[in-house]
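Dear colleague,

Here is the structure I promised to pass on to you. Please open it beside this message, and then read on for what was found in it.

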Amino acid sequence: VSTTSIAQGNSSVAVADSGTGTVTVQIDGETVATYSAALAFDVNNATSAIRLPNGTTAQRPSGVTGLLRYNSTTDKIEGYTTAGGWAELGASSSSAVSDSGESVIGIGQNGELASHLISEGVRIVFSALPDSPASYIEEELAKAGLVVISHSTVHRHSQVIPLVVPGVNNDHLGLIDLQGGFGKGMLVSCPNCMVVPLGISIAPLIRSLPVKKITITTEQSLSGGGRRMLEKSRQGQFPNRHIAGESLSVERELQRILGKFDGSHVTPIEIDINAECARVNREFAHSASVTVEFERNLSAHEVIEAWSNFYSKELHMDTFSEHKKPLDFVNDIDNAISLINLHEASNSDKFHQKYMSVFVGSVEVSKNTLIFNVASDNTVRGAAGNSIMLAELMLSQGIIHDSKIRAGQGRNIRQA
């Protein structure tokens, strides 16, 4: 008989092979399961339980079909499937509970919501649902044939759901062709609103210069924490500066967005990215100080040239959100942040295109190191604006189309 024992704290687990093909599992000396090579693992003890891996949404491992874990962010047990990524187990389709405990109602049974949307002529759904209901509602909408553009974190690291910043990694949309579980529908994910300006400002450097390491320190506005946080701040209740799970989320999403798509999967970029994220007491605009270390010394001219030559397809889409300068160089980044807050306070669309830009300033180059500040309107370019541009990009490439887009305009055409 061979026995393997594992001890942790005051508890121990022993797995014993009797030599006859039967394996016994004991916890603290109590037998909780027996199985053989011909049988599935079976825990048949009313007073014991299996402890699943425990972590936040941002700490999800790379998805492999069949994985199970406890999500401490949503307080749910979740599983991974190739078609839909991570999703809560045993969720009902008629109602849901958000991550903050609020009830989400009106979803309907047996595809009722999807049928209603389609009957009203809706073909593209922009979703900002909390993680828990989004994990299954968005997939059900996609399975019904709708194009779903999601801001939830739950799909951002799925092997078949593209995570896209228009102009940075358009080619990752090729993952849509691997979404066999959605039929004519599709599901695309938008990144963290801090990741959008970071991706736009860092991507040109990585494309043309030998980047070794990136260090990021963020200052993220109250609106990035949601309407409730913004309302509480206006009543004098300010949150802790620490944003749980945010640093890891920014690092992982950037590595994925800046990674390479080979036609079947995305390989995250192998560059050391370290982020420290904090909440600050301002209503709008996310900003960051970025330090980029290169493999060799370089000049300020090389850096400016890399940014100036930044080319993205959305500049030629002839759409409402078209803007000529995705990077807007400014002398004072704090002034740009103030202008963003004035724009939001005015509740005006007059300068919509201006605030789709990403502002870059305080640029310093010394030997092999570049330091710069970056800022953007997190509710415009970082959130709603990014999803609208994503839909426009998909229309312009013929991935989806309507009566105003020629059916043969692009490859991989799907009728929305």
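**A buried serine, and what surrounds it**

Ser 233 has a relative accessible area of 7%, which means that this residue counts as buried, since buried stands for a value under 20%. Please keep in mind, here and throughout, that this is a predicted model. Ser 233 belongs to helix α4, which covers residues 227–233, and, when residues up to four places away in sequence are not counted, Ser 233 touches Leu 222 and Phe 238.

**The chain as a whole**

The secondary structure of the protein chain comes to eight helices and 23 strands. Of the 416 residues in the chain, 47% are buried, while the accessible surface comes to about 20,300 Å², with 51% of that surface belonging to carbon and sulfur atoms. If you take the contacts between residues at least 6 apart in sequence, you will find that 63% of them join residues at least 24 apart.

In soluble globular proteins, nonpolar side chains tend to be buried together. In this model, the largest nonpolar core has 40 residues, and among those with the most contacts inside it are Leu 198, Ile 202, Leu 205, Val 290 and Phe 372. Several helices and strands each supply at least two residues of this core, including α3 (195–208), β14 (211–219), α5 (246–257), β18 (286–294) and β21 (369–376). Which element gives the largest share of this core? The largest share, eight residues, comes from α3.

**The aromatic rings**

A search of the whole structure finds two aromatic pairs. In one of them, Trp 307 and Phe 329 form a tilted pair, with 5.6 Å from centre to centre and 55° between the planes. Because Trp 307 lies in helix α6 and Phe 329 in strand β19 (residues 327–329), this pair ties together parts that are 22 residues apart in sequence. Trp 307 counts as buried because its relative accessibility is 2%, whereas Phe 329, at 37% relative accessibility, counts as partly exposed.

The rings of Trp 307 and Phe 372 have their centres 5.1 Å apart and their planes at 85°, and so this pair is edge-to-face. Since Trp 307 is in helix α6 and Phe 372 in strand β21, the pair ties together parts that are 65 residues apart in sequence. Both Trp 307 and Phe 372 are buried, and ring pairs link Trp 307, Phe 329 and Phe 372 into a cluster.

**The salt bridges**

Side chains of opposite charge can pair when their charged atoms come close. How many salt bridges does the structure hold? The structure holds eight salt bridges, and a few of them are described here.

Lys 212 forms a salt bridge with Glu 293, in which the closest N and O atoms are 3.7 Å apart. This pair links distant parts of the chain, with Lys 212 in strand β14 and Glu 293 in strand β18, 81 residues apart. Lys 212 counts as partly exposed, at 43% relative accessibility, and Glu 293 also counts as partly exposed, at 27%.

Arg 234 and Glu 283 meet through their side chains in a salt bridge of 2.9 Å, N to O. Because Arg 234 lies in the loop between α4 and α5 and Glu 283 in the loop between β17 and β18, the pair ties together parts that are 49 residues apart in sequence. Arg 234 is exposed, with a relative accessible area of 51%, whereas Glu 283 is partly exposed, at 26%.

Glu 302 forms a salt bridge with Arg 296, the closest N and O atoms being 2.9 Å apart. Finally, Arg 60, Arg 69 and Glu 78 are linked in a network of salt bridges.

**A patch on the surface**

Leu 68, Ile 77 and Leu 89 make a nonpolar surface patch of about 250 Å². Ile 77 is found in strand β7 (residues 76–81), and this residue counts as partly exposed, at 40% relative accessibility.

With best wishes

Terms used: Residues are numbered from 1 along each chain as its sequence is written. This is a predicted model: local features need pLDDT of at least 70, side-chain atom pairs count only at pLDDT 80 or more; totals for chains, interfaces and linings use all residues. Side-chain values use heavy atoms; hydrogens and water are left out. A nonpolar core is a set of buried Ala, Val, Leu, Ile, Met, Phe, Trp, Tyr and Cys residues joined through side-chain atoms within 4.5 Å. Buried means under 20% relative accessible area, exposed over 50%, partly exposed in between (1.4 Å probe, protein chains only). Helices (H or I, at least four residues) and strands (E, at least two) are DSSP runs, numbered from the N terminus. Contact means heavy atoms within 4.5 Å. Accessible areas come from the Shrake-Rupley method with a 1.4 Å probe; for residues, only the protein chains shown count as cover. Patches are made of residues with over 30% relative accessible area and no salt bridge: like charges are joined within 9 Å, nonpolar side chains (Val, Leu, Ile, Met, Phe, Trp, Tyr) within 5 Å. A salt bridge is a side-chain nitrogen of Lys or Arg within 4 Å of a carboxyl oxygen of Asp or Glu. Rings of Phe, Tyr and Trp (its six-membered ring) pair if their centres lie within 6.5 Å; planes under 30 degrees apart count as stacked, over 60 as edge-to-face and the rest as tilted.
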